[in-house]
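Dear colleague,

I am passing on the structure that we spoke about, and I would be glad if you could look through it before reading my notes. The notes come after it.

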Number of protein chains: 2
Amino acid sequence: MVRTARFTEDDFIEAAMSLVAEGGPTAATMQAIARRTGAPTGSIYHRFDSRSAILGAAWNSAYASFTGALAPLLHQRQAREAALAILPWAEANPRRAAFLLLHDPVSLFEDSPPPPTQRQALDRLETAFDAAFRACIAPATDDETLARARFLIFDGPIAILRPSLSRALPPPPHAARLIADLHAGMPVAA
Amino acid sequence: MVRTARFTEDDFIEAAMSLVAEGGPTAATMQAIARRTGAPTGSIYHRFDSRSAILGAAWNSAYASFTGALAPLLHQRQAREAALAILPWAEANPRRAAFLLLHDPVSLFEDSPPPPTQRQALDRLETAFDAAFRACIAPATDDETLARARFLIFDGPIAILRPSLSRALPPPPHAARLIADLHAGMPVAA
DNA sequence: CGCATTCCAGAACGTGTAGTCTAATTGGCA
DNA sequence: TGCCAATTAGACTACACGTTCTGGAATGCG
């Protein structure tokens with residue numbers, strides 16, 4: 001290292017995340033990232049091969065953070081606690097949460113897919129997290145139980161969280177009550 | 001009328017809807033709409049002032065269809081039946097459902113908002129539907145009850161429906177059971 | 001039969017995009 | 001002090017996009 005770097009990879013990842021969180025995938029143009037970080041576009045391409053590479057890195061980072069918060073609870077077969085854990089995670093990682101949960105991933109990579117290396121890393125993250133999820137509901141493996149658990153642990157809580165996420169507000173106090181009631185009235189193990 | 005029209009407004013609306021349903025808002029470019037309908041771009045501009053006008057018309061049409069299917073049930077205070085009615089509606093209107101429920105509306109109009117006329121028409125649809133929703137949960141008006149009901153009637157069922165919507169498949173048989181269980185374990189009137 | 005009107009048709013324009021290229025700057029090290 | 005690789009810097013290219021423009025084709029009416 002012979003010259004001190006003014007910009008790190010994380011600077012660009014953070015900028016891309018918050019731009020997507022605020023204005024959707026198309027808001028994260030290279031020039032918008034450059035403006036937000038104060039870097040010229042050339043410096044971004046010095047760190048990343050392409051725009052998809054930045055978005056892919058951001059996605060993997062946010063996904064790893066999310067699954068890292070939930071996987072231990074799933075392995076302990078605590079479905080309710082895992083669902084509730086989404087709230088403090090989102091409050092502690094507002095940009096990551098809005099980036100990951102608010103916008104549709106298909107729009108992120110529709111123009112060009114992320115580099116194969118990142119795609120493989122994401123595949124590993126996904127299979128590891130899927131294993132945790134299946135461990136939580138084992139021994140059931142039928143489609144209905146899977147869909148039910150996916151709704152109770154992920155999609156339901158995320159739907160409850162979405163209104164406050166899209167307003168960049170912390171989860172309201174009744175969000176936790178809603179999720180708890182959801183699990184009380186409709187247990188994962190039917 | 002002096003020359004028979006080869007393309008109608010609905011041709012372009014339908015094309016825009018299915019393009020968005022399949023590939024997100026950015027997939028519905030004017031050239032993509034032109035390709036799908038077989039029309040040159042000039043013919044599209046003969047029917048619509050702008051791209052936002054097409055997307056706005058598509059949105060209003062889909063929203064009107066959706067609320068038209070649910071509002072009567074809400075006025076009869078049948079929250080459970082309204083939530084369940086989303087399934088047959090989505091099965092009967094697969095393109096509209098995927099267009100309306102799968103993708104984030106903020107990405108649709110982020111570049112340029114729809115024409116004021118359409119915006120006002122949508123406002124009217126929204127206030128009318130909100131009145132139906134409030135009639136369903138009256139006399140409660142507190143935030144928690146509103147959020148709870150919104151989740152039970154709309155966001156929850158939509159989250160249950162989303163996986164099959166994004167695969168362009170009809171709702172699986174267990175979707176109705178899931179929604180029914182949701183309302184059985186967690187009634188709107190707490 | 002030709003005129004007026006409606007519509008089709010697609011080339012052309014300006015803008016904003018992702019990505020490239022070349023040069024200038026920086027700072028540890030011999 | 002002078003070298004050299006890492007990094008910044010931003011002009012530049014090629015392209016896709018939304019939109020406009022001009023011309024031609026069709027059809028009801030007099």
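Below are the conventions, then the findings on chain A, and then a few local details.

This is a predicted model, in which local features need pLDDT of at least 70 and side-chain atom pairs count only at pLDDT 80 or more, while totals for chains, interfaces and linings use all residues. Residues are numbered from 1 along each chain as its sequence is written, chains are lettered from A and ligands numbered from 1 in the order in which they are written, and side-chain values use heavy atoms, with hydrogens and water left out.

Chain A has ten helices and zero strands, where helices (H or I, at least four residues) and strands (E, at least two) are DSSP runs numbered from the N terminus. Its C-alpha atoms fill a box of roughly 60 × 35 × 30 Å along the principal axes, and 49% of its 190 residues count as buried (under 20% relative accessible area, with exposed meaning over 50% and partly exposed in between, for a 1.4 Å probe and protein chains only). Taking contact to mean heavy atoms within 4.5 Å, 72% of the contacts in chain A between residues at least 6 apart in sequence join residues at least 24 apart.

The UniProt annotation "DNA-binding region", from an unreviewed entry, covers residues 29–48 of chain A; such annotations may be inferred rather than shown by experiment. That span is 75% helix and 0% strand, and its end C-alpha atoms lie 14 Å apart.

Helix H10 of chain B (residues 173–185) has 13 residues, which at 1.5 Å a residue should span 18 Å, and this agrees with the 19 Å between its end C-alpha atoms; the expected span is 1.5 Å times one less than the number of residues. Among the buried residues of H10(B) are B:His174, B:Leu178 and B:Leu182, and the cover over its buried residues includes helices H9 (143–166) and H10 (173–185) of chain A as well as H5 (79–92) and H9 (143–166) of chain B.

Two single residues may also interest you. A:Ser107, in helix H7 (residues 105–108) of chain A, is buried with a relative accessible area of 13%, and, leaving aside neighbours within four places in sequence, A:Ser107 is in contact with A:Pro25, B:Gly24 and B:Pro25. B:Pro113, in the loop between helix H7 (105–108) and helix H8 (116–137) of chain B, counts as exposed at 61% relative accessibility, and its C-alpha atom is separated by 8.5 Å from that of B:Ala53, 60 residues apart along the chain.
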